[in-house]
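How do the helices of this model pack against one another? The report below takes the pairs in turn.

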Amino acid sequence: MMTMINNQIHIEVIKETCKQSEMWEINNPRVIAMLNNIFKCIDDEEILDDESKETFTNIVFSNLIIYSRYNLK
């Protein structure tokens, strides 16, 4: 289950998701910080309504899950 605060994924959830990847490109502090910042930017964006923020957050987080867990060829 995803932990969200104001359409933002908690940093610990991001860290745990990144740790599931064997790829150093995903499982590193810079990627974790970048994703955390992306989620903060989505949440802070005044132009987007709450539904749009939630959709955008889910799309970004879903991509993180896909790229951290699955071998994409």
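## Basis

This is a predicted model. Two packed helices are described by the angle between their axes and the distance between the axes.

## Helix 1 and helix 2

Helix 1 spans residues 11-19, and helix 2 spans residues 29-44. They pack at an angle of about 140°, with axes 10 Å apart. Angles over 145 degrees would count as roughly antiparallel. Helix 1 and helix 2 are therefore oblique to each other. Their crossing is right-handed.

Helix 1 brings I11, I14, K15 and C18 to this contact. Helix 2 answers with V31, I32, L35, N36 and F39. By class, seven of the contact residues are nonpolar, one is polar and one is charged.

## Helix 1 and helix 3

Helix 3 covers residues 50-69. Its axis lies 8 Å from that of helix 1, at an angle of about 25°. Angles under 35 degrees count as roughly parallel, so helix 1 and helix 3 are roughly parallel to each other.

On the helix 1 side, the contact uses V13, I14, T17 and C18. On the helix 3 side, F61, L64, I65 and S68 meet them. Six of these residues are nonpolar and two are polar. No charged residues take part in the contact of helix 1 with helix 3.

I14 and C18 of helix 1 contact helix 2. I14 and C18 also meet helix 3.

## Helix 2 and helix 3

The axes of helix 2 and helix 3 come within 9 Å and cross at roughly 165°. The cut-off for roughly antiparallel is over 145 degrees. Helix 2 and helix 3 therefore run roughly antiparallel to each other. The crossing is right-handed.

Helix 2 supplies L35, I38, F39, I42 and D43. Helix 3 supplies K53, F56, T57, V60, F61 and L64. The class count is eight nonpolar, one polar and two charged residues.

## C41

Is C41 buried, partly exposed or exposed? C41 lies in helix 2. Its relative accessibility is 44%. Buried requires under 20%, and exposed requires over 50%. C41 therefore counts as partly exposed.

C41 and Q8 are 33 residues apart in sequence. In space, their C-alpha atoms are 9.1 Å apart.

Terms used: Residues numbered from 1 in each chain as written. Predicted model: local features only at pLDDT ≥ 70, side-chain atom pairs only at ≥ 80, totals over all residues. Heavy atoms only, no water. Axes fitted to C-alpha atoms, helices over the stretch in contact; angles between N-to-C directions. Helix = DSSP H or I, 4+ residues; strand = E, 2+ residues; numbered from the N terminus. Parallel < 35°, antiparallel > 145°, perpendicular 65-115°, else oblique. Left-handed = near helix turned anticlockwise from the far one by under 90°. Contact = heavy atoms within 4.5 Å. Nonpolar A, V, L, I, M, F, W, Y, C, P; charged D, E, K, R; others polar. Buried < 20%, exposed > 50% of the residue type's maximum accessible area, 1.4 Å probe, protein only.
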